[in-house]
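Subject: Structure for you to look at

Hi,

Here is the structure I promised to pass on. Have a look at it before you read my notes.

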Amino acid sequence: MNKQLFIAWLDDKIAQIKDTPVSVVDTKEKQHYLLGSLKTLELMKEQIEQGKFDVE
């Protein structure tokens with residue numbers, strides 16, 4: 001997958017999670033899952049941008 005395309009996909013997923021209102025998430029477990037997913041995606045994006053993670 002193209003690096004820029006993958007970063008754009010990650011940006012989209014990060015934005016989707018950030019735009020999810022807390023009131024929509026019905027349980028604490030799901031809130032923790034979303035927060036964990038957000039942190040994981042942000043870390044992946046950071047490492048790809050720094051060249052520590054190859055996507056091609």
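Below is what I found in it, from the whole chain down to single residues.

A word on the source: this is a predicted model, where local features need pLDDT of at least 70, side-chain atom pairs count only at pLDDT 80 or more, and totals for chains, interfaces and linings use all residues. Residues are numbered from 1 along each chain as its sequence is written, and side-chain values use heavy atoms, with hydrogens and water left out.

The whole chain

You'll see 2 helices and 0 strands (DSSP runs numbered from the N terminus: H or I of at least four residues for helices, E of at least two for strands). The C-alpha trace spans about 35 × 15 × 15 Å along its principal axes. Its radius of gyration is 13 Å, while a compact globule of 56 residues would have one near 10 Å (taken over C-alpha atoms; the globule rule is 2.2 Å times the number of residues to the power 0.38).

Buried residues make up 20% of the 56 in the chain. Here buried means under 20% relative accessible area, exposed means over 50%, and partly exposed is in between, with a 1.4 Å probe and protein chains only. Of the contacts between residues at least 6 apart in sequence, 71% join residues at least 24 apart (a contact is heavy atoms within 4.5 Å).

Helix H1

Helix H1 covers residues 3-18 and holds both Phe6 and Trp9, 3 residues apart, about one turn of the helix. The count of aromatic pairs comes to 1, and it is these two: Phe6 and Trp9 are stacked, 5.8 Å centre to centre with 15° between the planes. The rule is that rings of Phe, Tyr and Trp (its six-membered ring) pair if their centres lie within 6.5 Å; planes under 30 degrees apart are stacked, over 60 edge-to-face, and the rest tilted. Phe6 counts as buried because its relative accessibility is 14%, whereas Trp9, at 41%, counts as partly exposed.

Helix H2

What does Leu41 touch, leaving aside residues up to four places away in sequence? Leu10, Lys13, Ile14 and Ile17. Leu41 sits in helix H2 and is buried, at 14% relative accessibility. Its C-alpha is 8.5 Å from that of Asp11, 30 residues away along the chain.

Ser37 is in helix H2 too, which runs over residues 28-49. With a relative accessible area of 19%, Ser37 is buried. From Ser37 to Lys52 is 15 residues in sequence and 19 Å in space, C-alpha to C-alpha.

Cheers
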